[in-house]
Amino acid sequence: MTTNTRETPQGDMVRFGLFTVVILAMPIWLMPFGAAYPDLMQKFAIYGLFAIGFNILFGLTGYLSFGHAAFLGVGSYTAVWSFKLLGMNPIPALLLAVVMSGAFAWLIGFISLRRTGIYFSILTLAFAQMSYNLAYSVLTPITNGETGLRVLNSDPRVLDHMMGAGEVDGPLVTNLFGMEMSGLPGFYFCAVWLLIGMYISFRIFRSPFGLMLRAIKTNQTRLNYTGISTRPYAQTAFVISGMYAGLAGALLCVTDPLAGAERMQWTASGEVVLMTILGGAGTLLGPMLGAGIIKYSENIFSAFNEQALHEIFAFLPDGIEAAVVSVAGLFVGEGWHLTLGLLFMLIVIFLPGGVIEGGQRISAAVTRLRGGGSGGSSTQPQPAE
Amino acid sequence: MDAILLQILNGLDKGGAYALIALGLTLVFGTLGVVNFAHGALFMLGAFCAVSVNQFIGLEQVRLDPDNLTPWGTPVEIREPYIVSWLGDTGHLLLDYSVPVSILAAIPVMILIGFIMERGLIQFFYKRPHAEQILVTFGLAIVLQEIIKTWFGANPLPQSPPDAMRTAADIGVLVGFDPGQIVYPYWRLIYFLFSALVIGGVFAFLQLTTFGMVVRAGMADRETVGLLGIDIEKRFTLVFGLAAVVAGLAGVMYTPILPPDYHMGMDFLVLSFVVVVVGGMGSLPGAVAAGFLLGILQSFASMTEVKSILPGIDQIIIYLVAVVILLVRPRGLMGRKGVMEG
Amino acid sequence: MGILQVQNVNKSFGGLKALNNVNLDITEGTVHAVIGPNGAGKSTLLNVCVGRLAPDTGTVLFGGKTLTGRAPHEINQMGVARVFQTPEIFTDLSLLDNVMIPTLAVRDGAFKVNAWGRVDGRAEIRDRAEAILENVGLGDKRHHHSGNLSRGDKRRLELAMCLVQKPKLVLLDEPTAGMSRHDTNATIDLLARMKEEHGVTKIIIEHDMHVVFSLADRVTVMAQGTPIVEGTPNEIKGDSRVQEAYLGGAHL
């Protein structure tokens, strides 16, 4: 028999405090992993935010959306338009992106949530594909089609001109009241938003609202007969997660003011699903962890090339070395997607509960081995709270 | 009138492809209860069977002709496919008909792939939640398409139909129109007939054989069939193989219409899922009807007259129809009660 | 006038008439059992009452207000709770969370985004939930995973989830179906105690006559979609029409 005592507010503060320290200290502790450069850390923060938001929908309510990349795209386009019209300050861009993606999510959620299970997944997929196709075709005046939307020197940028910062030499970079949002400041800017997003996620997980969302996943029938109208709850969760996605999309443009439709493709939606389940759907820290692992591996694997492989395997005898390199070559560089697909399968087959659950199983097994069986041995690990 | 007829015809070949893929998807879903996101990859693998066969029988022998010299003074290279030098005219014929010939190779290959997929992966997911089935087959689809990409490259590889079928048929004349009004490429016509034949074959197989009877019974009520003491597992494998062959053949024959590339499977999968949902999850006639219906609708939406009124409609028509159908008729056109409702 | 009135309700499935002009009047504060052979339309009647099925004709009134056409959650918010044949609980959650949800549903209504406070932030809500778990004898298991409970305990939990809402009417669909003798007796005791302590009106659909005669104040016997006899348990026992309806299927 397992027990799950509720986490105390003090425990949560400690946990969130630790999380904050770990995130802010990333430039230090990522150094030994060779990942402490700003571009990559920005990606960790942005995709972490995306996955944390997705988890509020999928992890809590169990509704598997295959269309969340659409909200990422809407956020990106909105942000770039805000840069073009208002100026390079990221704050209005982020706010507008959150509002726009929230409105868009409300509309899609309103329709898709009329169905559950696989029908819901296919409806969201259909909407995302529609958005993607439209972004490439009719909406070209807004999205600039295949080329992608970017900020030009000739754009109005009303606020910039008002502030007398309209004329810029060289490439346009977003700046927060004079501070350029690239490099390390760019990372810290994203990190602050990640922390805000994580804090909100903490609150939702512990709240009555979060409890209702979990109840939707477990037993909708009972919830209905308990006097709860389930759809508005699911709808709210859908909009919230859409807003997270929009925020992440806007942050992508803050660090690199270019928005392309490929961001909305359904493989991108699949990627956020993978991040979430890899870390552990329904856990607080899992999605961030999953996003980190995916983006880190992407970075490592894509960076390798034949040359690097030959150097690594140079110690092997020639014939074997050539064979090993040609096999390994399939999985690196361009072959990163192959690795991603395999990772996807392996995780779902062997670790559907994600890394967090895997860690708990191991620690439970260790406890049992040590003979710490004072009645508290757990046979079925609880999701980390 | 002739414009409408032409659009219907234009939709038939694409509709045929949708119907064939959706048929297999439904078969697998109905009997095995598995949502297979890797089904599009089977279509793609079929198409690459055709590519491989073509490359294989097109292997060239290079000889040097010492009597003929290029302006640089080197001998002229004479390239000739081995098959032509061995079989002469028959070789030429085989090369010309490489796409239809590929069917012979594709059937065993697809059965094998289907068996490996079902025994190696899918069978472990019968009892797992649909979300996990979706995710694991999604991963498999990525893996398969990436393997094809490394092997065949990222660019589309155009395949040509046999010379005799390269032209277009003036089929308007047959039904009383003036010549030149309804002209339809032979190969598309063949594709439609081929898909109709395969669909008919699958239905006949399900209606007329004992095996088919068990499969149909399994689609109606899986538990009961299991209780009757029928070894349903073995049949599942065969059903999966059948679905793989149908998807593969759809892919083989589609290559002259759409040059195959590694992501064609994904492109068709999303659409085919929409087709299945519109037709009604678990309904075979529904899948076929919805396949053709959506194919034809799509070709109507691509008419310039329609596009000028509703710009971009050709890009989204299928999804739009799916959304409307799902909201108005949750079970799809021919769906049964109790399938995937939760 | 009773708390629940079923008036001229008809319901057909295809050609089959499941409910044939059913009239029923449930007096407040009583335990009313509905019995009858298989296919008599008992479960259909219950489903019509909670809004799961819409009747073809006729109305169901609760406290003078119509229930027909309302969604299940609205009917619950009016004070009608339902216990299912197989216990419907939130198997992924702890027992305490299972009871917190109906408690919050009473406090916050059908929908309220309360995303900032903590579930256990308000002591009186948690105390109430813990008290009801104590009451049904599950107090020491409140932090356990409810999916691991025995069937009897799941039933207790489901009853606790209903009771914590202080409903005016509880509908129970074969509350002891598929239970061991031990669990059945425990459930009877619990229901009897509920009757004394909470005084809630209940409608029980039951096959097990032992359960019916231990609990019911009044009994309605249904056959082929129509109520044929109504009376106290003792009146029912001697009625020849009832014996005929069952054709010896049950020993009364």
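Predicted model: local features only at pLDDT ≥ 70, side-chain atom pairs only at ≥ 80, totals over all residues.
In β5(C), K65(C) is the bridge partner of F62(C).

**Hairpins and sheet in chain C**

F62(C) and K65(C) sit where β4(C) meets strand β5 (residues 65-66) of chain C, and these two strands pair in the antiparallel sense over two bridges. Together β4(C) and β5(C) make a hairpin with two residues between them, and G63(C) in the turn has a positive phi of about 55°. Strand β4 (residues 57-62) of chain C also has strand β1 (residues 4-13) of chain C as a partner: five bridges join them, and they run antiparallel. One spot to look at there is Q7(C), whose bridge partner in β4(C) is T59(C).

Strand β9 (residues 218-223) of chain C is joined by five bridges to strand β10 (residues 226-231) of chain C, and the two run antiparallel. The hairpin of β9(C) and β10(C) has two residues between the strands, and Q224(C) takes a positive phi near 50°. Going along the pairing, A223(C) stands opposite T226(C) in β10(C), and M222(C) stands opposite P227(C) in β10(C).

As background, strands of a sheet pair through backbone hydrogen bonds, either parallel or antiparallel.

| Helix pair | Crossing angle | Axis distance |
|---|---|---|
| α17(A) and α6(B) | about 155° | 8 Å |
| α1(A) and α9(A) | roughly 160° | within 11 Å |

Take the pair between chains. Helix α17 (residues 336-350) of chain A packs on helix α6 (residues 130-152) of chain B at an angle of about 155°. Because of that angle, α17(A) is roughly antiparallel to α6(B). The crossing of α17(A) and α6(B) is left-handed. On the α17(A) side the contact includes L338(A), L342(A), F344(A), M345(A) and I349(A), while α6(B) brings residues including L135(B), F138(B), I142(B) and I147(B). By class, the contact of α17(A) with α6(B) has 14 nonpolar, three polar and two charged residues.

Now the pair inside chain A. The axes of helix α1 (residues 9-24) of chain A and α9(A) cross at roughly 160°, and the two are therefore roughly antiparallel to each other. Their crossing is right-handed. D12(A), F16(A), F19(A), T20(A), I23(A) and L24(A) in α1(A) meet residues of α9(A), among them L194(A), M198(A), F202(A) and R206(A). The contact of α1(A) with α9(A) divides into ten nonpolar residues, one polar and two charged.

**How the chains touch**

Which chains share the most contacts? Of the two pairs of chains in contact, it's A and C. Here 31 residues of chain A are in contact with 35 residues of chain C. On the chain A side, the elements that give two or more residues are α9 (183-206), α10 (208-218), α11 (220-224) and α12 (230-255). α10(A) gives the most, with eight residues. By class, the side of chain A that touches chain C has twelve nonpolar, 13 polar and six charged residues.

The contact of chains A and B takes 35 residues from chain A and 31 residues from chain B. α6 (117-136), α13 (266-279) and α17 of chain A each supply at least two residues of the side that touches chain B, and α6(A) gives the most, with twelve residues. The residues on that side of chain A divide into 23 nonpolar, ten polar and two charged.

As for chains B and C, no contact joins them, and their closest C-alpha atoms lie 14 Å apart.

**A last stop in chain B**

Is S308(B) buried or exposed? S308(B), in helix α13 (residues 304-309) of chain B, counts as exposed because it has 8 C-beta neighbours inside 10 Å. S308(B) and Q159(B) are 149 residues apart along the chain, and their C-alpha atoms are separated by 33 Å.

Technical notes: Residues numbered from 1 in each chain as written. Chains lettered and ligands numbered in written order. Axes fitted to C-alpha atoms, helices over the stretch in contact; angles between N-to-C directions. Helix = DSSP H or I, 4+ residues; strand = E, 2+ residues; numbered from the N terminus. Parallel < 35°, antiparallel > 145°, perpendicular 65-115°, else oblique. Left-handed = near helix turned anticlockwise from the far one by under 90°. Contact = placed C-beta atoms within 7 Å. Nonpolar A, V, L, I, M, F, W, Y, C, P; charged D, E, K, R; others polar. Buried ≥ 20, exposed ≤ 12 C-beta atoms within 10 Å, placed from the backbone. Pairing = 2+ DSSP bridges.
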